[in-house]
Amino acid sequence: MGIEAFKIQHDLVAWLTVAGDKIRQRMTEQIQISTKSGRNDLVTNRDKEIEQFYVRQIRQNYPQAKIFGEEGFGDIVNDLSGLIFFVDPIDGTMNFVKQKQNFATMIGVYLDGEPIVGAILDVMGEQLIVGGPETGVTLNGRPLAPLADRPLADGLIGVNGGMFASNENQLQQLGRASSGVRITGSAGIEFIQLLTGQQIGYVSKLSPWDYAAGQAIGVALGIETHLSSGEQPTLMSRETIVTGLPDFWRYFKQLQS
Ligand code: 2AM
Ligand code: CA
Ligand code: CA
Ligand code: CA
């Protein structure tokens, strides 16, 4: 395909490892917090520093690539052509600020809209999951096998708290049909739980950098990622993302009809 998926994967592992070390080393330092769209939508100096670190690495190693990053240090991306790095420097910034754990750093890489490789690091849990359709998936270097489908009744699901409370997309019925509902506050951590078999599905309103990495890794393990309509996520704007094992998706689809 003209793109070295294994080389990109190797680079992502190196960059996320350095980023994770930087964040953990500075956990006790005072952080500068500001709000974005509202009081629950935060950004810190650490989010910005880590995105700038990734942007420097990407520019140096993949000068032809476009960078779609949450904090705005990348490019203005208007279409999916070419090589694109979707960057979320700290995912779960509210958890980073309030809990000092349960947050991730992640990057997803696509070529002309097709997944190449994704990497997600649970920074405090030190769990690094990386992979894609061509490279296979590893967790801290150990290979992960594709996931077997499981009935909704036999698995936990992750949801967005606001959507669950308002029963958007009939999430409460979905929750009752499952083994239970969990609200984590970090899309990256939700994806790690999904990809390692601890959860069977996840529904949330997400931006491209929130699901690009998880979707790319999921393709290699049998995880489906859709819009609630069933269409393919656009990787361009904030949308309701439904991701999980096939049985989870079948049940979700039935509830919408
Ligand atoms: P973030 O921390 O990188 O912003 C729970 O809030 C999850 O939804 C997190 O993964 C968070 O990512 C993401 N999210 C997406 N849009 C958000 C918004 N407008 N406000 C808060 N969290 C948002
Ligand atoms: Ca944010
Ligand atoms: Ca995010
Ligand atoms: Ca973020």
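Mentor: The shell around ligand 1 has 2 nonpolar, 7 polar and 5 charged residues. Here Ala, Val, Leu, Ile, Met, Phe, Trp, Tyr, Cys and Pro count as nonpolar, Asp, Glu, Lys and Arg as charged, and the others, Gly among them, as polar. The model is predicted: local features need pLDDT of at least 70, side-chain atom pairs count only at pLDDT 80 or more, and totals for chains, interfaces and linings use all residues. Residues are numbered from 1 along each chain as its sequence is written, while chains are lettered from A and ligands numbered from 1 in the order in which they are written.

Trainee: Why is ligand 1 said to lie between domain 1 and domain 2?

Mentor: Domain 1 (5-144) and domain 2 (152-256) both contribute residues to its shell, so ligand 1 lies between them. The domain bounds come from an automatic or database domain assignment.

Trainee: Why is isoleucine 90 called buried?

Mentor: A residue is buried if 20 or more other C-beta atoms lie within 10 Å of its own, exposed if 12 or fewer, and partly exposed in between, with C-beta atoms placed from the backbone. Isoleucine 90 has 28 such atoms within 10 Å, and is therefore buried.

Trainee: What makes threonine 105 buried?

Mentor: Threonine 105 has 31 other C-beta atoms within 10 Å, so it is buried.

Trainee: How far apart are threonine 105 and isoleucine 120 in sequence and in space?

Mentor: They are 15 residues apart in sequence and 5.9 Å apart in space, C-alpha to C-alpha.
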